Amino acid sequence: MRIFLVVLFAATVVTAADFGRDVQPILARRCYGCHGPKVQMGKLRLDTAEAAQRANRRIVELTGAKKMPPTGPLPEAELAVLRGWTEKPWAFQPIRRPAGAQTIDLLIAAELGKHKIKPSPEADRRTLARRVYLDLTGLAPTPAEMDAFLADRSAGAYEALVERLLASPHYGEKWARQWLDLARYADSEGGVQDYARPAAWRYRDWVIGALNADMPFDQFTIEQLAGDLLPNATLDQRIAAGFHRHTITSREGGVELERIRFEQLLDRTSTTASVWLGLTAGCAQCHDHKYDPIPQRDFYSLMAFFENTDEVDLDAPLPGEWGIYRQYEKEFRKQRTQLLEEYKIAGTLEYWENGARHAMANPGLRPNWDVSYDSYSKLVDNGRRTLLKAPSERTAREQDALVDYFVKSSAGGIGKTTYDALKLKELAEKLKKLDEKYPRLSTVMTLAENGAGERTHVRIRGNWTDKGAEVRPAVLAALPRPAGEMRTRLDLAKWLVAPENPLTARVAMNRIWQELFGRGLVRTSEDFGAQGERPTHPELLDWLASEFQRGGWRMKPMVRRIVTSATYKQASTARPDLQTIDPSNTLLARQARLRLPAELIRDSALRASGLLNETVGGESMRPPQPDGVADLQYSMKWEETKDRARYRRGLYIFLQRTAAYPLLMNFDVPDRTVSCARRETSNTPLQPLNLMNDPVFVEAAQALAARIEEAPEGQRLERAFQLVLGRGPTPRERDSVQGHLPRRGWFGVARALLNTDEFLTRE
Amino acid sequence: MGGLGLAGLPGLLAAEDPFTPKTPHFPAKAKNLIFLYMEGAPSQIDLLDPKPALTKWHGQSLPPSMTKDFKFAFIKPNAKVLGCRRPFAKYGQSGAEFSDWISAWKPIADEMCIVRSMRTDAFNHQPADLILFTGHMLPGRPTLGSWVLYGLGSESRNLPGFVVLSTGKNNMSQAAQWTSGFLPSSHQGVPFRRTGDPVLYLSTPKGITAGEQAEDFQLVNELNRARLDTTGDREIASRIASYEMAARMQLSTPELLELGKETAATRAAYGVDQEPTKAFGTNCLMARRLVERGVRVVMVTHSSWDQHTELEKDLKKNCDITAGPVAALIQDLKQRGMLDSTMVVWGGEFGRTPLGDFRNAEEAKAGRDHHASCFTMWAAGGGIRGGVTIGKTDELGMNVVEDPVHVNDLQATILHCLGFDHTRLTYRHMGRDFRLTDVRGEVVRKMLA
């Protein structure tokens with residue numbers, strides 16, 4: 001299959017020396033002989049990035065003064081490289097606010113001026129309106145909205161539109177998409193079984209709400225990493241702290257619980273580092289980071305903040321649930337107790353509990369009990385702990401979960417004969433029906449400290465069973481650290497947004513820029529380290545980061561500032577004159593044409609055809625998909641959402657990790673296994689097949705045809721283009737459509753328009 | 001590797017086609033790969049690595065000194081030994097040795113390069129699936145097929161370059177078989193569906209004729225051409241090309257599926273018309289047809305091999321389903337002159353223990369647990385030396401004693417047969433050059449022709 005890709009462009013600007021690429025080879029050639037793995041004269045060893053960075057100043061001085069190496073001075077070219085090798089990589093240096101009165105346009109113009117390039121003119125008003133509607137809300141303007149904007153000829157018309165869009169409830173939906181990729185949000189838990197996480201959407205709603213309310217990014221950070229540790233934490237803050245509940249898990253039989261826990265800790269640590277610091281700390285799981293100043297020890301020190309954290313589900317009734325639940329709770333309890341008594345499970349339950357506890361303590365004596373305990377400990381969350389508590393000490397939720405497991409799945413332990421004699425299968429059915437009749441309260445997923453006092457150890461070569469030195473919670477030594485001891489996730493979160501931390505503001509602003517231009521000022525928005533790319537406009541990035549901090553970390557003012565800049569408003573039309581000077585448009589002499597993300601393609605088709613259900617927030621839905629897609633998955637059933645909820649925005653599509661909705665896969669939604677800062681944009685033939693043949697898009701084309709036909713005969717062509725593209729047809733397009741119309745009717749035209757590149761693109 | 005690295009190459013213009021066939025690092029025999037993935041882990045002890053000494057130990061625990069370094073998924077090191085009841089025989093001129101349940105492989109014995117000394121790092125399915133296909137136990141990296149597609153491009157203009165076909169129950173590895181990980185998602189394997197269109201949305205929707213479909217495709221392209229002229233954005237040219245290709249895929253895929261055009265003898269050899277071979281045999285035949293049409297990598301997965309219990313019954317059943325079609329595939333490729341350019345690999349994610357899994361109280365229903373320390377795989381065709389058996393395990397099948405081959409070594413060898421130095425087929429991601437073999441892997445010279 002021939003597949004074409006949008007090739008995003010690498011920066012060609014080369015600045016100071018890159019440690020791994022430029023410096024290390026020199027050190028290896030000239031210094032390792034005496035200061036390397038075998039010999040360490042003067043106790044100086046330079047063969048790790050960390051150690052070399054520490055000795056940076058000495059190396060530069062001594063080689064510069066020609067005192068080292070003793071065999072004779074280095075050639076001038078190498079000395080130049082070493083001089084350009086700064087103490088710390090650029091991203092670790094303090095934010096340097098450019099002097100004087102600055103604006104985005106001035107800082108962009110300064111670079112363009114150096115290359116004698118002129119910026120592009122402003123895009124026409126229709127293009128601009130469609131662009132800013134899509135960028136701020138993800139929804140293209142309706143013909144009426146477009147007309148209203150065009151009719152407003154006042155000087156501040158565009159700025160007024162921006163204000164309206166920033167205040168739209170759809171703003172939060174649009175910007176949540178990027179954050180949910182970072183949070184590796186999904187509606188299922190990953191792993192072999194990939195069971196649903198029915199409460200996950202509560203976190204998504206929190207994100208949408210926080211973005212709409214323009215929650216300052218420092219608070220946004222603190223609540224997501226440590227909302228549970230805030231004094232008098234509210235339910236919302238605890239939902240926010242579910243950020244790290246979106247880690248994948250495993251319930252595969254025979255996998256050690258401790259190993260699963262370790263892998264989750266790895267993910268939480270790496271994700272925190274990449275989302276807030278733009279650092280690939282995961283490299284330091286096994287060894288000191290080769291290129292960035294992150295020793296292995298620092299990685300585990302960072303992990304230590306998460307070590308004693310449990311996954312917890314909280315009752316969090318939705319509006320209307322609590323009252324009804326209280327009314328029937330007693331009745332439910334009564335009936336459940338009656339059923340358990342009727343089936344006389346008490347004795348066998350105790351027998352099974354004893355057997356499982358015995359297997360936990362004495363593995364290898366009775367294979368069937370080993371397997372039974374193993375399966376229980378995987379399928380029941382925190383089940384091991386429950387089993388160790390006396391029944392009277394367990395919460396109702398814990399006891400119910402244990403009993404439900406026993407009734408459903410204890411046959412391997414107690415033996416099939418006993419299981420059948422007690423008719424436990426029948427009881428399981430009845431308990432399930434009872435649960436359906438009296439639904440439990442809705443829950444939310446969050447984290448909580450467990451006070452276990454577990455110590456964190458460096459893992460040698462990253463192997464979880466191979467424990468090295470003990471470490472205390474601490475942040476990266478290469479960055480400014482507070483004087484006192486750090487203990488909790490709250491300390492960590494506050495440090496991430498402390499004014500002296502140079503990374504967080506840069507990383508966050510870069511992602512906002514990326515969302516509005518298709519690429520960040522640092523193109524590798526996930527990696528600000530030495531192996532990532534350098535900023536194309538370092539001064540602009542620092543100025544934005546500084547303004548962001550000074551403005552109280554509010555995101556909307558920064559978005560406003562960017563979208564009202566002349567740089568943003570430029571036409572995106574290709575410029576032949578830039579073809580050789582700046583083919584990848586790193587200097588931003590024009591805007592970019594960007595293919596819409598998967599979710600917005602579907603939203604746009606549904607909106608143009610009038611089918612879109614614009615309800616904001618709420619649980620995930622499952623639109624129809626072809627039979628067999630779900631078969632790829634181990635355990636789930638794709639129960640189609642039947643009502644109008646299935647026309648809700650793509651953001652709300654149930655994200656089943658191991659068998660994602662095909663449109664999402666075909667249009668580059670990451671599988672949400674790990675955090676993702678930047679989606680690829682592919683262009684494959686599976687995409688046209690999806691848009692031409694998926695019944696959802698056929699339905700949209702039919703609905704759109706009906707809307708077109710509502711217009712008087714002579715105006716239908718105009719209407720069709722206005723609905724889909726926000727503009728009228730050109731004479732050439734008019735000819736094409738009119739040639740097509742007699743044979744295919746408005747349905748064919750609607751279908752074709754919904755497949756045009758322009759429709760799928762933010763220009 | 002021009003143009004492959006989305007991230008790595010500055011200054012390229014848009015619309016680069018990453019799947020234009022590419023020249024590997026050095027000339028190589030194999031151009032295609034078929035991986036017969038026996039998911040769940042077939043018992044090497046009962047199929048390919050005879051251990052008569054187990055009979056003597058049957059029903060007893062081994063002395064702790066022999067098991068102290070072992071860890072298993074479900075059973076503990078004190079578990080009792082389960083003897084093997086299968087008779088083994090030697091086949092072909094090379095005298096390849098395997099058990100009666102797979103005697104259907106007799107005619108291909110001299111093509112097989114049997115490796116009895118495979119090892120892996122994980123004894124649980126999901127991490128082991130991941131390491132076998134992505135080189136590493138944690139999720140997020142590209143699978144073997146995606147790497148090959150990334151390195152070689154595709155010869156097919158109308159079909160996906162990497163296809164996954166599957167049968168059997170308890171498919172647990174799922175994404176490990178087709179994930180493109182951090183490679184662009186266009187490198188992902190396309191799982192052909194078992195029902196309906198093999199590729200999603202391949203059929204023209206109900207109520208629309210082929211002619212109408214062609215008209216609509218044409219209008220899309222006309223409108224896109226008009227826009228291309230206005231904006232000058234070469235991405236639109238790529239969009240037009242992908243629409244043209246999608247239209248061709250719609251036309252050519254039905255031909256791929258016309259198995260009726262195969263001769264009666266071929267159909268009979270693969271067993272496509274009778275049970276129990278029908279589904280798996282069809283996939284094997286489809287694999288040959290895909291490779292014939294230029295598809296670079298085909299995974300043929302059968303996932304019912306996790307015999308913790310009922311080893312006797314279920315292992316035989318799986319052999320009855322798969323052994324005949326596998327032999328037919330190798331012979332068919334050879335007869336058509338395709339075996340030299342097609343590397344075929346057979347095996348699971350790990351092996352099974354000589355110790356029994358007695359979770360079921362009835363001894364007749366015993367099975368074996370997962371075993372990462374040693375297992376058997378085999379390869380044939382493109383670049384592989386047939387008619388040899390490599391590696392040895394100890395008398396009881398607990399460990400490798402000669403020529404250990406780690407799964408990363410197997411990956412290095414597969415890439416070598418396809419013309420790649422596995423240390424140089426890399427992709428820059430999160431600041432690091434990643435490769436399939438992670439930080440390990442040595443080409444197994446003894447496997448090479």
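## Interface between chains A and B

The contact between the two chains takes 81 residues from chain B and 79 residues from chain A, where two residues are in contact if their C-beta atoms, placed from the backbone, lie within 7 Å. Helix H4 (125-134), helix H7 (210-231) and helix H8 (234-256) of chain B each supply at least two residues of the side that touches chain A, and H7(B) gives the most, with 11 residues. Helices here are DSSP runs (H or I, at least four residues), numbered from the N terminus.

By class, the side of chain B that touches chain A has 39 nonpolar, 25 polar and 17 charged residues. Ala, Val, Leu, Ile, Met, Phe, Trp, Tyr, Cys and Pro count as nonpolar, Asp, Glu, Lys and Arg as charged, and the others, Gly among them, as polar.

## Basis of the model

This is a predicted model, in which local features need pLDDT of at least 70 and side-chain atom pairs count only at pLDDT 80 or more, whereas totals for chains, interfaces and linings use all residues. Residues are numbered from 1 along each chain as its sequence is written, and chains are lettered from A and ligands numbered from 1 in the order in which they are written.

## Domains of chain B

Chain B is assigned domain 1 (32-196 + 262-447) and domain 2 (199-256), with bounds that come from an automatic or database domain assignment. The centres of the two domains, taken over C-alpha atoms, are separated by 39 Å. Their contact takes eight residues from domain 1 of chain B and eight residues from domain 2 of chain B, and the domain 1 side of that contact divides into three nonpolar, one polar and four charged residues.

## Helix pairs in chain A

The axes of helix H12 (residues 217-226) and helix H24 (residues 489-496) of chain A come within 9 Å and cross at roughly 160°, the axes being lines fitted to C-alpha atoms over the stretch in contact, with angles running from 0 to 180 degrees between N-to-C directions. H12(A) is therefore roughly antiparallel to H24(A), a term for angles over 145 degrees. By class, the contact of H12(A) with H24(A) has seven nonpolar, one polar and two charged residues.

Note on methods
Parallel < 35°, antiparallel > 145°, perpendicular 65-115°, else oblique.
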